[in-house]
Each structure stands twice: as C-alpha cells, then as structure tokens.
Amino acid sequence: MTRDIKNDEEAILKEANGLLKDPAKRRLLGNVLTLGGLSLATGIALNHYGSVREILKAVSRFNDGAQGLIFNPDALAPTYSEADIKEPFPFNAFYSVDKAPVVDPGSFRLALAGKIADRRPWDLPALYALPHTEQITRHICVEGWSAIGRWGGVVFSEFLKRVGADTTCKYVGFKCADGYFTSIDMPTALHSQTLLAFTFDGQLLPAKYGFPMKLRMPTKLGYKNPKHIVEIFVTNVYPGGYWEDMGYNWFGGS
Ligand SMILES: Nc1nc2c(c(=O)[nH]1)N[C@H]1C(S)=C(S)[C@@H](COP(=O)(O)O)O[C@H]1N2
Ligand SMILES: [Mo]
C-alpha cells in the first residue's frame with residue numbers, strides 16, 4: 001500500500017483539531033497544532049506513517065486529561081543511540097547556508113545581561129573548560145522535518161548557577177550573531193537536558209550549526225533553539241523572538 005505523506009499530515013492536523021474540541025485545551029496548545037508540534041507534545045517520532053495513528057491516540061489521551069504529563073517540565077525527552085544520528089544533519093535558518101555568520105573565535109566574548117550577579121563576559125577557552133555533557137536527541141522543525149543529532153556542552157542550569165542568574169525570573173533571552181533572537185521560560189532553562197552546546201557530533205560546532213554556541217533543548221521545537229549565541233540575559237520582561245513575534249507559539253515545546 002502506498003501512502004501520500006502530505007495527505008497523512010493534513011489528515012492528522014484535521015483530526016487533531018477535531019479531537020481538541022475543548023477551547024481551553026486548544027488555547028493551551030495554540031500553534032503547537034503543527035505536525036512537528038504534535039510530535040513533540042506527544043513524544044512520538046515522525047519517522048513512519050504508523051505514527052499518524054499513534055499521534056492521534058496521544059492527542060485523544062490529552063483530551064482525556066493527560067495535559068499534566070505532557071507539559072511536565074521535569075519530563076525527559078527521548079535519547080537515542082549513535083546509530084540513529086542523521087548524516088548529513090539538515091541546516092535551517094532564515095537565510096541560506098552560505099550566509100551563516102562568521103564568528104572570530106579569538107575575539108569572541110559571550111555577553112551576559114539582566115538579572116545575573118556576575119555579568120563578566122566569557123571567552124571561548126573559559127566556556128570550553130566547563131563540565132561537559134553529550135546528548136543524542138531529536139530536533140523537530142515545524143517546517144516538517146526532524147533529525148537526530150549529538151550535541152555536547154555544559155548543562156545550562158550549571159552555567160546559570162555559576163554566573164549567579166536570578167532563577168526566580170520568568171525568562172532567559174538570547175541574542176545571536178545573525179540577528180536572530182528568542183527566549184525561553186525559566187523551567188526549561190533549568191531542565192536537566194537543556195545544554196549550552198559547543199560541539200556537534202564530537203567536533204566544535206561548525207558555522208552552519210551555530211558556532212560558537214547554541215542552546216540545545218530536546219523539549220522544544222527547532223526555532224526555540226538559538227544558534228550563534230552572543231548574549232544571554234535574564235529578565236521578567238517578555239522578550240519575544242524572531243519567529244514568535246510573527247505568530248509562532250512562544251512556549252513551542254513540551
Ligand atoms: N541564530 C539562529 N538560530 C536559529 C535559526 C536561525 O535562523 N538563526 N533557525 C532556527 C530554526 S527554525 C531551526 S529548525 C534550527 C536549525 O538548526 P540546524 O541548522 O542545526 O539544523 O535553528 C534554529 N535556530
Ligand atoms: Mo525550524
């Protein structure tokens with residue numbers, strides 16, 4: 001039997017919208033009603049067409065009162081094995097790959113601002129000396145693709161602790177070398193799988209994947225994961241984001 005993937009996607013979205021009749025739940029999910037968003041919210045991978053049915057089942061469970069589980073900030077995203085890593089890993093940005101920003105490693109300094117006690121800038125050797133963790137997780141882009149990759153770096157909560165970030169604040173914001181920007185909720189910033197990543201697949205992040213660093217969050221959709229970070233700030237004032245300001249769901253994750 002041949003299946004038309006595009007029709008499958010449309011069918012899922014239509015059915016999911018139908019299943020989520022309760023207006024309060026629909027508001028909660030907001031623009032997460034894309035195939036990528038549903039995949040992330042339900043934890044079901046989009047790699048075979050059987051997942052269509054699984055996602056629908058999970059959406060109806062959500063309707064039956066599982067939202068506490070789905071939106072639990074302590075819930076872990078799945079991790080994978082070396083064999084699952086996608087090569088070559090896809091590139092995505094609001095421009096083509098040849099326009100990825102060129103950052104000079106020698107003069108680079110990461111700026112810190114807002115509600116952080118020690119806002120001294122960091123050079124790359126100091127960042128590379130932080131405790132290192134590796135993670136193999138799935139990146140899901142709302143444009144309709146997902147891929148598994150391996151990122152390495154410091155657990156972000158550890159970095160926030162070292163610089164004396166006020167973790168009672170609501171938001172952590174990111175400014176990037178290419179003009180991109182985004183922001184995340186503090187519970188996600190403190191999530192154990194949220195990494196300030198300096199490596200991809202064991203090598204320093206290449207320019208296209210975000211040199212010198214990106215925030216890697218397997219609990220959030222692709223557009224929430226900023227590449228080429230040049231400034232991190234902590235604030236109670238809603239910072240928005242590049243795509244978020246154009247209507248993408250701000251929470252963008254599970
Ligand atoms: N600085 C910056 N970060 C960004 C983007 C961007 O355009 N600029 N695009 C986002 C989107 S939509 C996706 S899907 C991922 C793509 O990351 P990748 O190139 O490593 O696959 O980066 C996210 N972070
Ligand atoms: Mo994306």
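Morning, everyone. Keep in mind that this is a predicted model. So, confidence first. The average pLDDT for the chain is 83. Of the residues, 71% score at least 70.

Where does pLDDT stay under 50? One stretch is residues 1–5. There the model has 3 contacts beyond four places in sequence. Another stretch is residues 62–71, also with pLDDT under 50. For residues 62–71, the count of contacts beyond four places in sequence is 22.

Now the ligand. Where does ligand 1 sit? Ligand 1 is in the largest cavity. How many residues surround ligand 1? The number is 21. The closest are Pro90, Asn92, Asp178, Asn225 and Lys227. Sorted by class, this shell has 12 nonpolar residues, 5 polar ones and 4 charged ones.

Let's look at some atom pairs. Start with Pro90. One of its backbone N or O atoms lies 2.8 Å from an oxygen atom of ligand 1. Next, Asp178. Here a polar side-chain atom is 2.8 Å from a nitrogen atom of the ligand. Then Asn225. A polar backbone atom of Asn225 lies 2.8 Å from a nitrogen atom of ligand 1.

How much of ligand 1 does the protein cover? On its own, ligand 1 has 540 Å² of accessible area, and the protein covers 99% of that.

That's the tour. Thanks.

Methods
Residues numbered from 1 in each chain as written. Chains lettered and ligands numbered in written order. Predicted model: local features only at pLDDT ≥ 70, side-chain atom pairs only at ≥ 80, totals over all residues. Heavy atoms only, no water. pLDDT = per-residue confidence, 0-100. Contact = heavy atoms within 4.5 Å. Near = heavy atom within 4 Å. Polar contact = N/O pair within 3.5 Å; in protein donor to acceptor, adjacent residues only side chain to side chain. Areas by Shrake-Rupley, 256 points an atom, 1.4 Å probe, with all protein chains shown as cover. 1 Å grid on protein atoms, 1.4 Å probe; cavity = no way out; pocket = protein on both sides within 12 Å on 5 of 7 lines; lining within 4 Å. Sits in = over half its atoms within 2 Å of the grid points. Nonpolar A, V, L, I, M, F, W, Y, C, P; charged D, E, K, R; others polar.
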